[in-house]
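Subject: Structure handover

Hello,

Here is the structure I promised to pass on. My notes follow below it.

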Amino acid sequence: MANKQLQSDNVDKKMFRHCEIRNSDFIRYYGKETEVVIPDFITTVAEGAFRGNQRLTRVVLGKNVSVIQSDAFRDCTHLRSVVLSSSLRVLGDGAFRDCKVLDGLTLPDSVVSIGKGAFCGCRALAALELPSELTTVGDYAFAQCSALRSIRIPDKIDRLNRSVLYQCTSLQKVLLPPDMHAIGRHAFGGCTALESIEIPAGVTYIGNGAFSECRALNGIRLPSGIRFVGDYAFTACESLSELDVPSGVTYIGIDSFCGCTSLERVSLPETLEHIGPSAFLYCKSLKEITLPSALRELGRRSFAYCTALERVDFRAQTEEIEDECFLSCLSLTEIRLSDSVTRIGEKAFYQCMSLQSIRLSVSLRVIGEYAFAECTALREISLPQAMERLENNVFTDCVSLTDVILPNHRFHGAHGLFSGCESLRTLVVPDGHRLIRHRFELWALPSRVEIVTHSALRRGVLLTELADPSLSPEKREILEQELRNLTTHRRKKKKEKQS
C-alpha cells in the first residue's frame, strides 16, 4: 500500500529507501539528505523519527500530517526551517527540543496542543505566533528559547504550566489572556530582559519561582485574588522598586523577594500571617516595613542584610524572632517589640550597628547566642522580669553599652555575655544576688563596672524624688512608705545572712 501511495504521490524513491513507514506513520528516517519532504499520505511523524539527525536542515511536512509525536525532531542541531501541515493538531513532548538553529517556523491555526518541552532549547527561535485554537501548552514548552522577544498567549489557555518560558533571556513583551487563573512554577523564571507584565485580574495562583531572576522587571501589580506568594516567586528581581501585596494574602514564602536589591517600598496586608525564611533577604534598598498584627510567624533571616532598613513598625503578634531575622540591618536605629514575643533567636540583631534603642517584650524569656552582638550604638538595655535564659555572647562587642538592668530574680546567664563591652559602667543585678569573682569571668564583665542591686537602684530613685520640694504631701507619704519597706526588707535580708 505504501508503494502505491508513493507512486501516486510522486515521492522521491531515494528518500523512501532510507526510511521506515508503517501504513500512514513515518517511523524513522535513516538517510543523509539535508532536506526531506514527508509524503502527503503520512498522518503521523512517529516518536524519535528524526531524533539526533545532524545533517537535516529543512523539513516539509505532507498536507495530511496531524500529529508530530514526542522527540520526533529532537537534537536535530542543524535544522533551520520546518514547513508544517495545515492539518497539524498535536505537537508531542520534546518534538523540536534542542533544535538550536531552528528559526523558521509558523504554527498553523489547526494546532490545539503543544507538549512538554516541545521547543525547549530552540535558541535561535526569535518569533513565534501561537494559534488562537491552542488549548494546551506543556511544561517547559518554550524554555531556553533565548532569542524569543515576544509572545502572545491565546485566549483559550487558562493557565501557564511549569517553566513554560523559563530562561527566555531576550523576552521583553508578554500578553496574557484575560481569563487566565494560574501562573505555574518558574513560568517566567530567568527572563532577564522582561521589564513589565500585566497579570490578569482573575489569576489566583502564582507558583514558586514564577518570576525569579527577572532582573529587569521594574513594575508588577499582583491581582487581588491571590492568597499566597510562592517560594522564590520574585527572587533576584533586581529592578523591582516597590510592591503592594494585596489584601487577602496570608503567606509570603521562602526567598520570595530575596535579592530584590532596588526594592524601596513594600506594603504588607493586615491579613498576612506568615513570612517565610529569607523572604526579604538582601533587599538593600528597603527603608521601612510595617509588620501587621495578624503576623504569627517571622522566618529565619527574613530581613537579614537589609542594610538601608531604618524603621520597623512591629505590630506582629509572633512569639519568636527567628535566628538572624534582622542580621546586619546596618541602618536600623530602634525597634519596639510586641509583648507576644517570648524568644529572640541567635544573631537576630547581630551587627545592627546603628541600633540605639530597643524595647523588649514583657513576655520575653530567652535571648539566643550573639543576638545583639556588635550593636555598636546600643547604649542601654533593660531586661524584662520574665527573662529565664541569656545564651552565650548576647551583648558581645556592644562597645557603647553603658547601663544594663537585669531581671530581679535568678536566671541562667551563659558565657561571654558582655565580652568586649568596655564602656559598661553600671550593671543592675537581682537583690541578694552573689556576684562572686567567677561571675565576672563567666560574663566577661569589665573590671570597673559598678554593681547595683534593684533595691539600691530604687532607693536612689526614691531619695531623688523625695528631694523635690514641689512634691505633694500625698505623693510624699507614698514614697516614704515605699522607702521604709525597702529599708525593712534590707535589714531582714542582712539578719538572714548573719544567722
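Strand β1 and strand β2 (residues 25-29) run antiparallel and are joined by 4 bridges. Strands here are DSSP E runs of at least two residues, helices are H or I runs of at least four, and both are numbered from the N terminus. Two strands count as paired if DSSP finds at least two bridges between them. Arginine 22 stands opposite aspartate 25 in β2. The hairpin leaves 2 residues between β1 and β2, and asparagine 23 in the turn has a positive phi of about 55 degrees.

Buried means under 20% relative accessible area, exposed means over 50%, and partly exposed is in between, with a 1.4 Å probe and protein chains only. In a regular strand, side chains alternate between the two faces of the sheet.

Some ground rules. This is a predicted model, so local features need pLDDT of at least 70 and side-chain atom pairs count only at pLDDT 80 or more, while totals for chains, interfaces and linings use all residues. Residues are numbered from 1 along each chain as its sequence is written, and side-chain values use heavy atoms, with hydrogens and water left out.

**Confidence and overall figures**

The protein chain averages a pLDDT (the predictor's confidence in each residue, from 0 to 100) of 90, and 90% of the residues score at least 70. Over residues 6-10 the pLDDT is below 50, and this stretch has 7 contacts in the model beyond near neighbours in sequence. Contact means heavy atoms within 4.5 Å. Where pLDDT is low, the predicted coordinates should not be read in detail.

The chain has 5 helices and 35 strands. Of its 499 residues, 51% count as buried. Take the contacts between residues at least 6 apart in sequence: 23% of them join residues at least 24 apart.

**Parallel pairing**

Valine 59 has valine 82 in β7 as its bridge partner.

Further along, β34 pairs in the parallel sense with two strands. With β32 (residues 403-405) there are 3 bridges, and valine 404 partners leucine 427. With β35 (residues 450-453) there are 4 bridges, and threonine 426 partners glutamate 450. Both faces of β34 are covered: Thr426 and Val428 on one side, and Leu427 and Val429 on the other, are all buried.

**Cores**

A nonpolar core is a set of buried Ala, Val, Leu, Ile, Met, Phe, Trp, Tyr and Cys residues joined through side-chain atoms within 4.5 Å. The largest has 143 residues; Phe73, Phe96, Phe188 and Phe349 have the most contacts inside it. Elements that give two or more residues to this core are β1, β2, β22 (288-291), β24 (311-314), β34 (426-429) and α3 (437-443). A second, separate core of 6 residues includes Ala304, Leu327, Tyr350 and Ala373. Beyond four places in sequence, phenylalanine 188 touches residues including Leu160, Leu176, Ile197 and Phe211.

Which residues does serine 110 touch, beyond four places in sequence? They are Ser85, Ser86, Ser87, Leu88 and Arg89. Serine 110 sits in the loop between β9 and β10 (113-114). Its relative accessible area is 18%, so serine 110 counts as buried. Its side chain reaches the backbone oxygen of leucine 88 at 2.4 Å.

Glycine 94 is in the loop between β8 (90-91) and β9. It is buried, with a relative accessible area of 4%. Glycine 94 and alanine 72 are 22 residues apart in sequence, yet 7.6 Å apart C-alpha to C-alpha.

Tyrosine 282 lies in the loop between β21 (274-275) and β22. Its relative accessibility is 33%, so tyrosine 282 counts as partly exposed. Leaving aside residues up to four places away, tyrosine 282 touches Gly259, Cys260, Thr261, Ala304 and Tyr305.

Best wishes

Notes:
Polar contact = N/O pair within 3.5 Å; in protein donor to acceptor, adjacent residues only side chain to side chain.
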